[in-house]
Amino acid sequence: HGVRIDVISAAEEAQLAFRSVIANFNLEGRSIAVVDLGGASAEVILSAGTVIDQVHSLPLGAVRLTERHCHSDPLRRKHWKHLRKEIDRTIRRTIGKPPFVADVMIGSGGTFSTLAEMIQCQRQGQPSSVQGYQMARAEIEHLLNRLRETPLDSRRQLPGMNPTRADIVIAGVAVIVRLADYLGC
């Protein structure tokens with residue numbers, strides 16, 4: 001079609017995600033973690049207000065982790081344990097000791113949108129706009145436990161679930177929960 005495609009680096013992808021966040025949220029006086037979770041990787045930006053402190057690219061995408069660890073339906077305990085260990089090990093190795101405790105995590109990507117829609121359905125009975133929607137870590141952890149125990153065909157039917165994401169959502173939500181825990185969000 002004659003379309004020129006430029007492949008950008010993980011650092012540039014993180015910068016673009018951060019620019020979007022500062023254009024849409026008031027970050028003054030807050031320490032934050034911006035997480036852009038994709039299929040192959042997660043970009044994590046740690047920021048004090050509008051100043052970026054650290055940028056990390058982690059090989060913790062929802063598709064990548066699903067292919068490596070989600071070999072049972074519903075997810076067996078041993079597969080969950082291996083998934084969780086890889087996520088934790090990668091976070092510790094890549095991020096190291098965080099420079100601060102993040103007050104809040106701001107996320108982008110399909111896993112975050114799916115989470116917001118599912119939690120909206122639990123709270124309100126139907127989804128609405130997910131832009132700026134706030135969720136508590138405890139709600140996300142509870143939903144992750146439910147997703148882990150639910151077979152794929154049933155996950156596709158859950159209120160707010162995008163059926164095309166039902167197969168990769170467990171790994172994606174696991175990354176979010178483990179990052180939130182590690183960063184203190």
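**Entry 1: H5 and H7**

I began with helix H5 (residues 137-149) and H7, which pack at an angle of about 145° with their axes 10 Å apart. Helices here are DSSP runs of H or I with at least four residues, strands are runs of E with at least two, and both are numbered from the N terminus. Axes are lines fitted to C-alpha atoms, for helices over the stretch in contact, and angles run from 0 to 180 degrees between N-to-C directions. H5 passes H7 in a left-handed crossing (the near helix is turned anticlockwise from the far one by less than a right angle; clockwise would be right-handed).

I then listed the contact (heavy atoms within 4.5 Å). H5 brings Arg 137, Ile 140, Glu 141, Leu 144, Leu 147 and Arg 148, while H7 brings Val 169, Ile 170, Val 173, Ala 174, Val 177, Ala 180 and Asp 181.

A note on my source: this is a predicted model, in which local features need pLDDT of at least 70 and side-chain atom pairs count only at pLDDT 80 or more, while totals for chains, interfaces and linings use all residues. Residues are numbered from 1 along each chain as its sequence is written, and side-chain values use heavy atoms, with hydrogens and water left out.

**Entry 2: Ile 170**

Next I picked Ile 170, which lies in helix H7. Is Ile 170 buried or exposed? I found Ile 170 buried, with a relative accessible area of 4% (buried means under 20%, exposed over 50%, partly exposed in between, with a 1.4 Å probe and protein chains only). Leaving out residues up to four places away in sequence, Ile 170 touches Leu 75, Leu 144, Leu 147, Arg 148 and Arg 155. I also checked Glu 149, 21 residues from Ile 170 along the chain, and the two C-alpha atoms are separated by 10.0 Å.

**Entry 3: H3 and H7**

I turned to helix H3 (residues 77-95) and helix H7 (residues 169-183), whose axes come within 10 Å and cross at roughly 45°. That makes H3 oblique to H7 (under 35 degrees is roughly parallel, over 145 roughly antiparallel, 65 to 115 roughly perpendicular, the rest oblique). The crossing of H3 and H7 is right-handed. Among the contact residues I noted Trp 80, Leu 83 and Ile 87 of H3, and Ala 171, Val 175 and Tyr 182 of H7.

**Entry 4: H2**

Last, I looked at helix H2 (residues 62-69), where Ala 62, Leu 65, Thr 66 and His 69 are buried. The buried residues of H2 pack against H3, helix H4 (110-124) and H7.
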